[in-house]
Amino acid sequence: LNAVLGFSELLDDEDLIAEKRNYYIDIIKSNGNQLLTLISDIIDISKIEAGILQLSKTKIKLKST
């Protein structure tokens with residue numbers, strides 16, 4: 001979250017060249033996605049601990065012949 005907030009503050013600089021601006025935006029997107037994944041994982045762990053995670057069984061073929 002610090003990376004997202006820090007780099008978003010850097011975007012406020014009016015003298016920032018487009019290349020740097022795009023670089024900062026990419027960093028924000030990447031770190032935002034990592035944060036979203038982390039939050040999702042924490043929610044899943046909480047569901048497992050609470051015994052409310054629902055799993056579905058599906059047959060799959062690992063090797064086609």
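Predicted model: local features only at pLDDT ≥ 70, side-chain atom pairs only at ≥ 80, totals over all residues.
The structure holds 2 aromatic pairs. In one of them, the ring centres of Phe 7 and Tyr 24 are 5.3 Å apart and the ring planes meet at 55°, so this pair is tilted. Phe 7 belongs to helix H1 and Tyr 24 to helix H2, so the contact ties together parts that are 17 residues apart in sequence. Tyr 24 also pairs with Tyr 23, again in a tilted arrangement, with 6.1 Å from centre to centre and 50° between the planes. Through these ring pairs, Phe 7, Tyr 23 and Tyr 24 are linked into a cluster.

Helix H1 spans residues 2-10 and helix H2 spans 18-50, with Glu 14 in the loop between the two. Asp 15 lies in the loop between H1 and H2 as well. On the surface, Glu 14 and Asp 15 gather with Glu 9, Asp 12 and Asp 13 in a patch of negative charge. Glu 14 counts as exposed because its relative accessibility is 76%, and Asp 15 is exposed at 70%. From the C-alpha atom of Asp 15 to that of Thr 37 the separation is 33 Å, and the two residues are 22 apart along the chain.

A nonpolar patch is also found on the surface, made of Ile 48, Leu 53 and Leu 55. Together these three residues have about 330 Å² of accessible area. Ile 48 lies in helix H2. With a relative accessible area of 54%, Ile 48 is exposed, since the limit for that class is over 50%.

The relative accessible areas are listed below by residue.

| Residue | Relative accessible area | Class |
|---|---|---|
| Glu 14 | 76% | exposed |
| Asp 15 | 70% | exposed |
| Ile 48 | 54% | exposed |

Conventions: Residues numbered from 1 in each chain as written. Heavy atoms only, no water. Patch = residues over 30% accessible without salt bridge, like charges linked within 9 Å, V, L, I, M, F, W, Y side chains within 5 Å. Areas by Shrake-Rupley, 256 points an atom, 1.4 Å probe, with all protein chains shown as cover. Salt bridge = Lys/Arg side-chain N within 4 Å of Asp/Glu carboxyl O. Lys, Arg positive; Asp, Glu negative; His and termini not counted. Charge placed at Lys NZ, Arg CZ, Asp CG, Glu CD. Helix = DSSP H or I, 4+ residues; strand = E, 2+ residues; numbered from the N terminus. Buried < 20%, exposed > 50% of the residue type's maximum accessible area, 1.4 Å probe, protein only. Phe/Tyr/Trp six-rings, centres within 6.5 Å; stacked < 30°, edge-to-face > 60°.
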